[in-house]
Amino acid sequence: MLVSARARRFGATISAIAALAVAVAACDDKAPGHSQVNGAAPASSATSSGAPQTSTDADDPDESPSAQPSGTATATAKPSASKSDQPPPPGNAYAGRLPKFGQPPVPERINIPEGAGAPYYARIPTDQPVAFLTIDDGWVKRPEALELLRESGVKVTLFLTINAIKDNPGYFKQLQAAGADIEAHTITHPNLKGKSYDFQKREICGSADQLGTMYGHRPKLFRPPFGDKDATTMKVARDCGLQAGFFWKETVDKGTVRYQEGHGVQKGDIILMHFRDRFVDDFIASLQAIAAAGLTPALLIDYLPAT
């Protein structure tokens, strides 16, 4: 009898330990991070009312000298040139999320100041109700981009990095055919500030020359990687035949718009996003922010002097 009682107590102890192990495993499955791959943000970038999420911080994690160039939504991730095998969705797949815009006004071109270096703009000095969406690099080539351009009817400026696009230049030819304007963003995406004239010339002139060969149009505009430049950078840009360089007033990442000034897009503002995994959310959030300000997207090149 004594042995039997001990056996029953031992069995009860084992059962309790097993139940505890199951409970711990269940808690682990519900821990933060398990439901989001690599800690990624939620999939939707806009609120249920259709308004974009906003922040007042306009510093972009991929546009700082300490960050490595990246086309993914994770600032620390290695640049990815991978392409999805999924075809673009049909016709009006984004109906209800894309704002509707009328035709932009007839552009009033600005005057470019004389000088040794090309001018540098974060905002185009215009009173017209327009803003400028620009998309950088080209590492991640989401198939939805083409459908978004077609469905929105919006024209955008692409500042492309040669090393990011050379594995699939045809992807960007499709975007160009849909109305995108292709401009220069160096060959290897280095921090140009402080580099020699010859180094910067290879990066800036070389990228413009290669893009001209690829797309039948030599760029006239330029964006330095990370938005970082010096007087040599802008002199090289002008010597390479580029009209102007461009910074930004707003950045968009993971569906969130960040502002340098105030809480809305202003006339002439230049908006920065990237070719990243969350391209759909970033593109829609950008357009929603422009629409919320009562503005219309326009092309940068249309506001520079005709040459």
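Which residue forms a salt bridge with R97? The partner is D281, with the closest N and O atoms 3.1 Å apart. A salt bridge here is a side-chain nitrogen of Lys or Arg within 4 Å of a carboxyl oxygen of Asp or Glu, and the structure holds twelve salt bridges. This is a predicted model, in which local features need pLDDT of at least 70 and side-chain atom pairs count only at pLDDT 80 or more, while totals for chains, interfaces and linings use all residues. Residues are numbered from 1 along each chain as its sequence is written, and side-chain values use heavy atoms, with hydrogens and water left out.

**R97 and D281**

- Helices (H or I, at least four residues) and strands (E, at least two) are DSSP runs, numbered from the N terminus.
- R97 is partly exposed, with a relative accessible area of 31%, whereas D281 counts as buried at 7%.
- Buried means under 20% relative accessible area, exposed over 50%, and partly exposed in between (1.4 Å probe, protein chains only).

**D269 and R123**

- D269 forms a salt bridge with R123, and their closest N and O atoms are 2.5 Å apart.
- D269 is in the loop between β9 (256-259) and β10 (270-274) and R123 in the loop between β2 and β3 (130-137), so this pair links distant parts of the chain, 146 residues apart.
- D269 is buried at 0% relative accessibility, and R123 is partly exposed at 24%.
- A network of salt bridges links R123, K249, E261 and D269.

**D167 and K141**

- D167 and K141 meet through their side chains in a salt bridge of 3.0 Å, N to O.
- D167 counts as partly exposed at 38% relative accessibility, K141 as buried at 2%.

**Helices α5 and α6**

- Helix α5 (residues 197-215) and helix α6 (residues 231-239) pack at an angle of about 50°, with their axes 9 Å apart.
- Axes are lines fitted to C-alpha atoms, for helices over the stretch in contact, and angles run from 0 to 180 degrees between N-to-C directions.
- The contact (heavy atoms within 4.5 Å) is made by Y197, Q200, K201 and I204 of α5 and T232, T233, K235, V236, A237 and D239 of α6.
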